[in-house]
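The tour goes stop by stop.

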Amino acid sequence: MKKISAVILVLLAGVTSSCMTATAQERGAVYKPSAENIAARHWFQDAKFGIFIHWGVYSLMAGAGEKDVAEWVMEEKQIPIDKYERLATFFNPVKFDADKWVQDIKASGAKYITITSKHHDGFAMYDSKVSNYNIAKRTPFKRDILKELKAACDKAGIKLFFYYSQLDWHHPEYYPRGRTGNVYTGRPQSGDWDSYIDYQNAQLRELLTNYGDIGGIWFDGWWDQEKGPMKDRWRLSETYKMIHDLQPQALIINNHHVAPYPGEDVQPFEQDLPGENDAGFNTTFVSNEMPLEMAQTMNGSWGFNLVDDRFKSTKELISALVGAAGRNSNYLMNTGPMPDGQIQAENIKTFHEMGEWLKIYGESIYGTRGGPIGPRPWGVTTNKDKTIYIHILDWKDGEIFIPLTDIKIGDATLLGKDEKILYEMTDDGVIFKIDREALQNWDMIIKVNLL
Ligand code: H79
(Lines give C-alpha, C1' and ligand atoms only; values in the text may rest on other atoms or scores of the structure.)
Protein backbone atom coordinates (compact mmCIF):
# COMPACT_ATOMS: atom_id res chain seq x y z
CA MET A 1 0.00 0.00 0.00
CA LYS A 2 2.73 2.38 1.04
CA LYS A 3 4.73 1.53 -2.05
CA ILE A 4 1.80 2.16 -4.35
CA SER A 5 1.09 5.58 -2.92
CA ALA A 6 4.77 6.43 -3.18
CA VAL A 7 4.67 5.48 -6.86
CA ILE A 8 1.56 7.60 -7.36
CA LEU A 9 3.24 10.50 -5.61
CA VAL A 10 6.27 10.23 -7.86
CA LEU A 11 4.02 10.09 -10.90
CA LEU A 12 2.03 13.06 -9.68
CA ALA A 13 5.17 15.01 -9.02
CA GLY A 14 6.26 14.32 -12.59
CA VAL A 15 2.92 15.47 -13.94
CA THR A 16 2.96 18.59 -11.82
CA SER A 17 6.34 19.74 -12.95
CA SER A 18 5.83 18.97 -16.60
CA CYS A 19 2.32 19.91 -17.60
CA MET A 20 0.19 21.32 -14.80
CA THR A 21 0.31 25.06 -14.65
CA ALA A 22 1.93 26.73 -11.71
CA THR A 23 -1.45 28.16 -10.73
CA ALA A 24 -2.97 24.73 -10.52
CA GLN A 25 -0.05 23.68 -8.33
CA GLU A 26 -0.41 26.74 -6.14
CA ARG A 27 -4.19 26.64 -5.95
CA GLY A 28 -4.05 22.91 -5.22
CA ALA A 29 -1.32 23.01 -2.62
CA VAL A 30 -2.29 21.95 0.87
CA TYR A 31 -1.48 24.50 3.54
CA LYS A 32 -1.80 23.74 7.21
CA PRO A 33 -0.93 26.81 9.27
CA SER A 34 1.41 26.15 12.20
CA ALA A 35 0.30 26.56 15.80
CA GLU A 36 2.28 29.84 16.01
CA ASN A 37 0.56 31.06 12.88
CA ILE A 38 -2.91 30.25 14.22
CA ALA A 39 -2.07 32.07 17.46
CA ALA A 40 -0.88 35.07 15.43
CA ARG A 41 -4.13 35.06 13.48
CA HIS A 42 -6.07 35.26 16.74
CA TRP A 43 -3.88 38.10 17.94
CA PHE A 44 -4.44 39.85 14.62
CA GLN A 45 -8.21 39.50 14.78
CA ASP A 46 -8.28 40.74 18.36
CA ALA A 47 -6.09 43.74 17.43
CA LYS A 48 -8.63 44.92 14.81
CA PHE A 49 -6.96 48.22 13.96
CA GLY A 50 -3.65 48.97 12.22
CA ILE A 51 -2.02 51.94 10.53
CA PHE A 52 -0.67 51.61 6.99
CA ILE A 53 2.31 53.80 6.05
CA HIS A 54 3.22 54.61 2.44
CA TRP A 55 6.57 56.34 2.43
CA GLY A 56 9.25 56.40 -0.23
CA VAL A 57 11.19 58.64 -2.59
CA TYR A 58 7.86 59.27 -4.40
CA SER A 59 6.80 61.24 -1.28
CA LEU A 60 9.09 64.02 -2.55
CA MET A 61 6.95 64.43 -5.67
CA ALA A 62 3.87 64.79 -3.44
CA GLY A 63 1.57 63.90 -6.34
CA ALA A 64 3.07 66.51 -8.72
CA GLY A 65 0.04 68.75 -8.22
CA GLU A 66 -2.56 66.10 -9.06
CA LYS A 67 -4.91 64.63 -6.51
CA ASP A 68 -4.82 61.11 -7.86
CA VAL A 69 -1.07 60.76 -8.13
CA ALA A 70 1.29 59.84 -5.30
CA GLU A 71 3.23 56.58 -4.95
CA TRP A 72 2.36 55.88 -8.60
CA VAL A 73 4.04 59.09 -9.83
CA MET A 74 6.74 57.21 -11.76
CA GLU A 75 4.12 55.36 -13.82
CA GLU A 76 1.56 58.16 -14.02
CA LYS A 77 4.11 60.72 -15.21
CA GLN A 78 6.14 58.16 -17.18
CA ILE A 79 9.39 59.08 -15.47
CA PRO A 80 12.29 57.01 -16.83
CA ILE A 81 14.45 55.14 -14.33
CA ASP A 82 17.54 57.28 -14.86
CA LYS A 83 15.55 60.41 -13.94
CA TYR A 84 13.52 58.82 -11.15
CA GLU A 85 16.71 57.59 -9.48
CA ARG A 86 17.68 61.21 -8.88
CA LEU A 87 14.85 61.50 -6.34
CA ALA A 88 16.83 59.31 -3.97
CA THR A 89 19.69 61.81 -4.01
CA PHE A 90 17.32 64.48 -2.60
CA PHE A 91 15.63 62.26 -0.02
CA ASN A 92 16.69 63.64 3.34
CA PRO A 93 13.80 63.44 5.82
CA VAL A 94 15.61 65.10 8.70
CA LYS A 95 12.48 65.35 10.84
CA PHE A 96 11.92 61.59 10.82
CA ASP A 97 11.53 60.38 14.39
CA ALA A 98 10.35 56.78 14.70
CA ASP A 99 9.37 57.17 18.34
CA LYS A 100 7.19 60.17 17.52
CA TRP A 101 5.47 58.25 14.69
CA VAL A 102 4.79 55.34 16.98
CA GLN A 103 3.50 57.56 19.80
CA ASP A 104 1.00 59.28 17.53
CA ILE A 105 -0.02 56.01 15.94
CA LYS A 106 -0.43 54.34 19.29
CA ALA A 107 -2.61 57.24 20.41
CA SER A 108 -5.05 56.28 17.63
CA GLY A 109 -5.69 52.96 19.32
CA ALA A 110 -4.01 51.02 16.51
CA LYS A 111 -2.14 47.89 17.56
CA TYR A 112 0.07 47.38 14.53
CA ILE A 113 1.78 49.18 11.66
CA THR A 114 2.27 48.04 8.07
CA ILE A 115 4.96 50.01 6.21
CA THR A 116 6.18 49.98 2.62
CA SER A 117 9.57 48.26 2.56
CA LYS A 118 9.56 48.47 -1.26
CA HIS A 119 6.77 49.88 -3.39
CA HIS A 120 6.24 49.38 -7.14
CA ASP A 121 9.08 51.82 -7.88
CA GLY A 122 11.48 49.15 -6.58
CA PHE A 123 13.23 51.44 -4.09
CA ALA A 124 13.99 49.68 -0.79
CA MET A 125 13.38 51.74 2.34
CA TYR A 126 15.92 49.66 4.27
CA ASP A 127 19.58 48.69 4.04
CA SER A 128 19.35 45.86 1.52
CA LYS A 129 22.50 43.95 0.67
CA VAL A 130 21.13 42.44 -2.53
CA SER A 131 20.64 45.79 -4.26
CA ASN A 132 22.05 49.22 -3.61
CA TYR A 133 18.81 50.82 -4.80
CA ASN A 134 17.90 51.58 -1.22
CA ILE A 135 17.66 54.33 1.38
CA ALA A 136 20.97 53.50 3.09
CA LYS A 137 23.06 53.49 -0.11
CA ARG A 138 21.43 56.06 -2.37
CA THR A 139 20.19 58.88 -0.12
CA PRO A 140 21.98 61.54 1.92
CA PHE A 141 19.86 60.35 4.86
CA LYS A 142 21.50 56.90 4.88
CA ARG A 143 19.46 55.61 7.83
CA ASP A 144 17.59 52.31 7.80
CA ILE A 145 14.15 53.59 8.73
CA LEU A 146 12.73 50.07 9.08
CA LYS A 147 15.32 49.33 11.77
CA GLU A 148 14.46 52.52 13.63
CA LEU A 149 10.74 51.94 13.30
CA LYS A 150 11.04 48.34 14.50
CA ALA A 151 12.96 49.46 17.59
CA ALA A 152 10.31 52.10 18.33
CA CYS A 153 7.51 49.58 17.79
CA ASP A 154 9.14 47.05 20.10
CA LYS A 155 9.42 49.67 22.84
CA ALA A 156 5.76 50.61 22.46
CA GLY A 157 4.34 47.08 22.07
CA ILE A 158 3.19 47.67 18.50
CA LYS A 159 3.60 44.93 15.87
CA LEU A 160 5.28 45.77 12.58
CA PHE A 161 4.37 44.32 9.18
CA PHE A 162 6.27 44.92 5.96
CA TYR A 163 4.51 45.78 2.70
CA TYR A 164 6.47 44.37 -0.25
CA SER A 165 5.61 44.98 -3.92
CA GLN A 166 6.03 41.93 -6.12
CA LEU A 167 5.69 44.25 -9.09
CA ASP A 168 8.91 46.19 -9.74
CA TRP A 169 9.26 49.11 -12.19
CA HIS A 170 13.02 49.33 -11.64
CA HIS A 171 14.49 45.84 -11.70
CA PRO A 172 15.71 44.94 -15.21
CA GLU A 173 14.90 41.25 -14.86
CA TYR A 174 11.22 41.92 -14.14
CA TYR A 175 10.51 40.70 -17.66
CA PRO A 176 8.25 39.96 -19.47
CA ARG A 177 6.51 43.09 -18.20
CA GLY A 178 2.87 43.22 -17.20
CA ARG A 179 0.39 46.09 -17.30
CA THR A 180 2.74 48.74 -15.94
CA GLY A 181 6.41 49.78 -15.89
CA ASN A 182 6.73 49.43 -19.62
CA VAL A 183 8.78 51.15 -22.32
CA TYR A 184 9.05 54.55 -20.63
CA THR A 185 11.21 53.11 -17.84
CA GLY A 186 14.05 52.67 -20.32
CA ARG A 187 14.81 49.06 -19.41
CA PRO A 188 16.07 46.66 -22.09
CA GLN A 189 13.28 44.58 -23.61
CA SER A 190 14.72 41.38 -22.24
CA GLY A 191 15.29 39.82 -18.86
CA ASP A 192 15.21 36.65 -16.82
CA TRP A 193 12.01 36.47 -14.74
CA ASP A 194 13.29 33.77 -12.41
CA SER A 195 16.31 35.80 -11.47
CA TYR A 196 13.91 38.61 -10.50
CA ILE A 197 11.97 36.21 -8.26
CA ASP A 198 15.28 35.08 -6.73
CA TYR A 199 16.05 38.73 -6.02
CA GLN A 200 12.60 39.31 -4.50
CA ASN A 201 13.05 36.29 -2.26
CA ALA A 202 16.53 37.41 -1.22
CA GLN A 203 15.05 40.77 -0.18
CA LEU A 204 12.24 39.05 1.70
CA ARG A 205 14.80 36.88 3.46
CA GLU A 206 16.54 40.07 4.63
CA LEU A 207 13.25 41.47 5.93
CA LEU A 208 12.61 38.23 7.80
CA THR A 209 16.07 37.85 9.29
CA ASN A 210 17.37 41.35 10.07
CA TYR A 211 14.46 42.93 11.94
CA GLY A 212 13.57 40.42 14.63
CA ASP A 213 10.08 38.97 14.79
CA ILE A 214 7.68 40.77 12.51
CA GLY A 215 3.91 40.68 12.17
CA GLY A 216 4.01 39.54 8.58
CA ILE A 217 4.44 40.43 4.91
CA TRP A 218 1.81 42.40 2.95
CA PHE A 219 2.24 41.71 -0.76
CA ASP A 220 0.93 43.89 -3.57
CA GLY A 221 1.34 44.11 -7.34
CA TRP A 222 0.51 40.51 -8.28
CA TRP A 223 -2.30 41.94 -10.44
CA ASP A 224 0.31 43.49 -12.75
CA GLN A 225 0.63 40.08 -14.39
CA GLU A 226 -2.98 38.98 -14.02
CA LYS A 227 -3.52 39.19 -17.76
CA GLY A 228 0.18 38.90 -18.48
CA PRO A 229 2.47 36.03 -19.35
CA MET A 230 3.87 35.61 -15.85
CA LYS A 231 0.54 35.22 -14.03
CA ASP A 232 1.43 31.72 -12.86
CA ARG A 233 5.14 32.29 -12.44
CA TRP A 234 5.40 34.12 -9.10
CA ARG A 235 6.51 30.94 -7.30
CA LEU A 236 4.11 31.78 -4.49
CA SER A 237 4.34 28.39 -2.77
CA GLU A 238 8.12 28.60 -2.57
CA THR A 239 8.08 32.19 -1.33
CA TYR A 240 5.35 31.56 1.22
CA LYS A 241 7.13 28.45 2.50
CA MET A 242 10.33 30.41 2.98
CA ILE A 243 8.48 33.05 4.99
CA HIS A 244 6.66 30.54 7.17
CA ASP A 245 9.87 28.55 7.73
CA LEU A 246 11.81 31.65 8.75
CA GLN A 247 9.07 33.10 10.97
CA PRO A 248 6.11 30.78 11.60
CA GLN A 249 4.10 33.53 13.29
CA ALA A 250 4.49 35.92 10.35
CA LEU A 251 1.16 36.37 8.57
CA ILE A 252 1.12 36.41 4.78
CA ILE A 253 -1.31 38.87 3.25
CA ASN A 254 -1.47 39.31 -0.53
CA ASN A 255 -3.47 42.16 -2.05
CA HIS A 256 -3.96 40.40 -5.38
CA HIS A 257 -7.71 41.15 -5.44
CA VAL A 258 -8.60 37.48 -6.10
CA ALA A 259 -9.57 34.57 -3.85
CA PRO A 260 -6.76 33.59 -1.45
CA TYR A 261 -4.01 31.15 -2.49
CA PRO A 262 -2.80 28.39 -0.16
CA GLY A 263 -0.14 29.72 2.19
CA GLU A 264 -1.87 33.04 2.75
CA ASP A 265 -3.09 33.85 6.24
CA VAL A 266 -5.24 36.97 5.91
CA GLN A 267 -7.48 38.08 3.04
CA PRO A 268 -7.14 41.81 2.33
CA PHE A 269 -9.55 44.24 0.66
CA GLU A 270 -8.53 47.59 -0.77
CA GLN A 271 -10.70 50.72 -0.32
CA ASP A 272 -13.81 48.57 0.19
CA LEU A 273 -15.45 46.74 3.06
CA PRO A 274 -15.16 42.96 2.58
CA GLY A 275 -17.77 41.82 0.09
CA GLU A 276 -18.28 45.27 -1.43
CA ASN A 277 -16.68 46.41 -4.65
CA ASP A 278 -17.10 50.13 -5.20
CA ALA A 279 -13.44 50.34 -6.17
CA GLY A 280 -14.06 48.06 -9.14
CA PHE A 281 -11.09 45.75 -8.63
CA ASN A 282 -11.98 43.84 -5.47
CA THR A 283 -13.25 40.29 -5.44
CA THR A 284 -16.62 39.80 -3.75
CA PHE A 285 -15.44 36.41 -2.53
CA VAL A 286 -14.97 36.68 1.23
CA SER A 287 -13.19 33.89 3.09
CA ASN A 288 -15.03 32.60 6.12
CA GLU A 289 -11.95 30.77 7.36
CA MET A 290 -9.24 33.39 7.29
CA PRO A 291 -8.92 36.72 9.09
CA LEU A 292 -9.87 39.66 6.89
CA GLU A 293 -8.42 43.14 6.57
CA MET A 294 -9.69 46.27 4.85
CA ALA A 295 -7.10 48.86 3.83
CA GLN A 296 -8.29 52.43 3.30
CA THR A 297 -6.85 55.89 2.69
CA MET A 298 -7.68 58.84 4.97
CA ASN A 299 -7.95 61.11 1.92
CA GLY A 300 -7.77 59.76 -1.64
CA SER A 301 -4.11 59.00 -1.56
CA TRP A 302 -1.70 56.38 -0.18
CA GLY A 303 1.57 58.28 -0.59
CA PHE A 304 1.80 61.92 0.55
CA ASN A 305 -0.15 64.25 -1.74
CA LEU A 306 0.27 68.00 -1.42
CA VAL A 307 -3.10 68.96 -2.88
CA ASP A 308 -5.37 66.12 -1.83
CA ASP A 309 -7.39 67.59 1.01
CA ARG A 310 -10.31 65.19 0.66
CA PHE A 311 -9.76 64.05 4.23
CA LYS A 312 -12.46 61.78 5.54
CA SER A 313 -13.92 62.94 8.83
CA THR A 314 -13.07 61.13 12.04
CA LYS A 315 -16.68 59.99 12.10
CA GLU A 316 -16.38 58.43 8.64
CA LEU A 317 -13.15 56.67 9.57
CA ILE A 318 -14.62 55.32 12.80
CA SER A 319 -17.64 54.13 10.81
CA ALA A 320 -15.25 52.24 8.52
CA LEU A 321 -13.50 50.67 11.51
CA VAL A 322 -16.87 49.68 12.99
CA GLY A 323 -18.17 48.47 9.61
CA ALA A 324 -15.07 46.33 9.19
CA ALA A 325 -15.35 44.87 12.71
CA GLY A 326 -19.00 43.98 12.06
CA ARG A 327 -17.86 42.10 8.96
CA ASN A 328 -15.29 40.24 11.05
CA SER A 329 -12.52 42.29 9.47
CA ASN A 330 -9.60 44.39 10.62
CA TYR A 331 -9.20 47.98 9.51
CA LEU A 332 -5.85 49.20 8.16
CA MET A 333 -5.96 52.98 7.87
CA ASN A 334 -3.35 54.67 5.75
CA THR A 335 -1.15 57.70 6.25
CA GLY A 336 1.47 59.03 3.81
CA PRO A 337 4.24 60.78 5.73
CA MET A 338 5.79 63.89 4.18
CA PRO A 339 9.24 64.11 2.59
CA ASP A 340 10.60 65.84 5.69
CA GLY A 341 9.81 62.70 7.70
CA GLN A 342 6.77 63.95 9.58
CA ILE A 343 3.26 62.55 9.51
CA GLN A 344 0.77 65.11 8.19
CA ALA A 345 -0.72 67.22 10.99
CA GLU A 346 -4.29 66.51 9.78
CA ASN A 347 -3.67 62.78 10.17
CA ILE A 348 -2.11 63.14 13.61
CA LYS A 349 -5.16 65.08 14.80
CA THR A 350 -7.44 62.32 13.50
CA PHE A 351 -5.31 59.62 15.16
CA HIS A 352 -5.84 61.29 18.51
CA GLU A 353 -9.59 61.72 17.96
CA MET A 354 -10.00 58.06 17.03
CA GLY A 355 -8.00 57.06 20.09
CA GLU A 356 -10.27 59.13 22.33
CA TRP A 357 -13.29 57.36 20.88
CA LEU A 358 -11.67 53.94 21.28
CA LYS A 359 -10.84 54.67 24.92
CA ILE A 360 -14.56 54.80 25.62
CA TYR A 361 -15.97 52.38 23.05
CA GLY A 362 -12.99 50.11 22.34
CA GLU A 363 -14.47 47.15 24.21
CA SER A 364 -17.00 46.85 21.35
CA ILE A 365 -14.14 46.55 18.81
CA TYR A 366 -11.00 44.95 20.27
CA GLY A 367 -11.16 41.21 20.79
CA THR A 368 -14.57 40.96 19.12
CA ARG A 369 -15.73 39.02 16.10
CA GLY A 370 -18.36 40.04 13.57
CA GLY A 371 -22.02 39.18 14.13
CA PRO A 372 -24.18 37.50 15.39
CA ILE A 373 -26.18 39.09 12.58
CA GLY A 374 -24.71 40.24 9.28
CA PRO A 375 -24.33 43.90 8.28
CA ARG A 376 -27.53 45.92 8.00
CA PRO A 377 -28.20 49.28 6.33
CA TRP A 378 -28.24 50.86 9.81
CA GLY A 379 -25.02 49.30 11.11
CA VAL A 380 -23.42 46.12 12.37
CA THR A 381 -23.08 43.82 15.35
CA THR A 382 -19.97 42.51 17.07
CA ASN A 383 -19.63 39.99 19.87
CA LYS A 384 -17.26 38.84 22.56
CA ASP A 385 -17.90 36.02 25.03
CA LYS A 386 -21.47 36.51 26.22
CA THR A 387 -21.83 40.08 25.06
CA ILE A 388 -23.30 41.44 21.84
CA TYR A 389 -22.61 45.00 20.71
CA ILE A 390 -25.16 46.58 18.40
CA HIS A 391 -23.54 49.44 16.49
CA ILE A 392 -26.16 51.84 15.19
CA LEU A 393 -24.46 54.09 12.67
CA ASP A 394 -27.37 55.42 10.67
CA TRP A 395 -30.90 55.23 12.05
CA LYS A 396 -33.63 57.67 12.87
CA ASP A 397 -36.44 55.78 14.57
CA GLY A 398 -37.08 55.13 18.24
CA GLU A 399 -36.76 51.38 18.04
CA ILE A 400 -34.62 48.87 16.26
CA PHE A 401 -35.33 45.23 15.49
CA ILE A 402 -32.69 42.51 15.84
CA PRO A 403 -33.76 39.14 14.44
CA LEU A 404 -32.36 36.91 17.19
CA THR A 405 -34.69 34.48 18.87
CA ASP A 406 -32.43 31.98 20.58
CA ILE A 407 -30.92 34.34 23.14
CA LYS A 408 -31.61 35.13 26.80
CA ILE A 409 -30.84 38.73 27.66
CA GLY A 410 -29.51 39.65 31.11
CA ASP A 411 -29.51 43.37 30.48
CA ALA A 412 -29.03 45.95 27.73
CA THR A 413 -27.26 49.27 28.26
CA LEU A 414 -26.06 52.22 26.26
CA LEU A 415 -22.30 51.74 26.05
CA GLY A 416 -20.30 54.58 27.52
CA LYS A 417 -23.30 55.81 29.55
CA ASP A 418 -24.52 52.93 31.82
CA GLU A 419 -28.11 53.81 30.89
CA LYS A 420 -30.50 50.85 30.70
CA ILE A 421 -32.11 50.21 27.35
CA LEU A 422 -35.62 48.80 27.29
CA TYR A 423 -36.39 45.93 25.00
CA GLU A 424 -39.19 43.60 24.06
CA MET A 425 -38.79 39.97 23.03
CA THR A 426 -41.07 38.89 20.20
CA ASP A 427 -41.40 35.60 18.34
CA ASP A 428 -39.19 36.96 15.57
CA GLY A 429 -36.54 38.68 17.60
CA VAL A 430 -35.81 41.59 19.92
CA ILE A 431 -37.04 45.16 19.63
CA PHE A 432 -34.80 47.66 21.43
CA LYS A 433 -36.31 51.01 22.42
CA ILE A 434 -33.86 53.77 21.85
CA ASP A 435 -33.61 57.38 22.77
CA ARG A 436 -33.46 59.51 19.64
CA GLU A 437 -31.09 61.89 21.34
CA ALA A 438 -28.57 59.08 21.68
CA LEU A 439 -28.84 58.41 17.95
CA GLN A 440 -27.15 61.71 17.34
CA ASN A 441 -24.06 60.08 18.74
CA TRP A 442 -21.51 58.98 16.08
CA ASP A 443 -22.07 55.34 16.69
CA MET A 444 -24.67 54.52 19.28
CA ILE A 445 -23.77 51.18 20.80
CA ILE A 446 -26.16 48.93 22.68
CA LYS A 447 -24.31 46.49 24.89
CA VAL A 448 -26.35 43.36 25.39
CA ASN A 449 -25.23 40.98 28.13
CA LEU A 450 -26.53 37.48 27.57
CA LEU A 451 -27.33 35.05 30.35
O1 H79 B 1 -0.02 50.59 -2.31
C2 H79 B 1 -1.27 51.13 -2.62
C3 H79 B 1 -1.44 51.37 -4.08
O4 H79 B 1 -0.32 52.00 -4.66
C5 H79 B 1 -1.61 49.97 -4.60
N6 H79 B 1 -2.19 49.24 -3.51
C7 H79 B 1 -2.38 50.13 -2.41
C8 H79 B 1 -2.33 49.42 -1.09
C9 H79 B 1 -2.46 49.99 -5.74
N10 H79 B 1 -2.04 49.97 -6.94
N11 H79 B 1 -3.05 49.98 -7.76
N12 H79 B 1 -4.10 50.01 -7.08
C13 H79 B 1 -3.80 50.03 -5.82
C14 H79 B 1 -5.37 50.02 -7.69
C15 H79 B 1 -5.39 48.83 -8.58
C16 H79 B 1 -5.73 49.00 -9.81
C17 H79 B 1 -5.84 47.87 -10.66
FE18 H79 B 1 -5.04 47.95 -12.46
C19 H79 B 1 -6.88 47.71 -11.56
C20 H79 B 1 -4.93 46.82 -10.80
C21 H79 B 1 -5.37 46.04 -11.87
C22 H79 B 1 -6.57 46.61 -12.36
C23 H79 B 1 -5.06 49.67 -13.55
C24 H79 B 1 -4.71 48.60 -14.34
C25 H79 B 1 -4.09 49.76 -12.54
C26 H79 B 1 -3.20 48.72 -12.73
C27 H79 B 1 -3.58 48.03 -13.84
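**Strands around S17**

Select residues 387–392, strand S11, and residues 444–450, strand S17: the two pair antiparallel over six bridges. This is a predicted model.

Pick Ala 412 here; Val 448 of S17 stands opposite.

**The eight-stranded sheet**

Now colour S5-S4-S3-S2-S1-S8-S7-S6, in that order. These eight strands form an open sheet with parallel pairing. Look at the edges: strand S5 (251–254) and strand S6 (267–270) each have a single partner strand, so one side of each has no neighbour in the sheet. Neighbouring strands are turned against each other by 25° on average, direction ignored.

Zoom in on residues 112–118 and 159–165. These are strands S2 and S3, running parallel and joined by six bridges. Lys 118 has Tyr 164 in S3 as its bridge partner.

Next, show residues 314–326. This is helix H11, which lies across strands S1 (49–53), S7 (292–297) and S8 (329–335). Helix H11 runs at about 150° to S8.

**The ligand**

Which residues surround the ligand? Select His 54, Glu 71, Trp 72, Arg 179, Thr 180 and Asp 220. Colour the shell by residue class: five are nonpolar, three polar and four charged.

Conventions:
Residues are numbered from 1 along each chain as its sequence is written. This is a predicted model: local features need pLDDT of at least 70, side-chain atom pairs count only at pLDDT 80 or more; totals for chains, interfaces and linings use all residues. A residue is near a molecule or strand if its C-beta atom, placed from the backbone, lies within 6 Å of it. Ala, Val, Leu, Ile, Met, Phe, Trp, Tyr, Cys and Pro count as nonpolar, Asp, Glu, Lys and Arg as charged, and the others, Gly among them, as polar. Two strands pair if DSSP finds at least two bridges between them. Helices (H or I, at least four residues) and strands (E, at least two) are DSSP runs, numbered from the N terminus. Axes are lines fitted to C-alpha atoms, for helices over the stretch in contact, and angles run from 0 to 180 degrees between N-to-C directions. Two residues are in contact if their C-beta atoms, placed from the backbone, lie within 7 Å.
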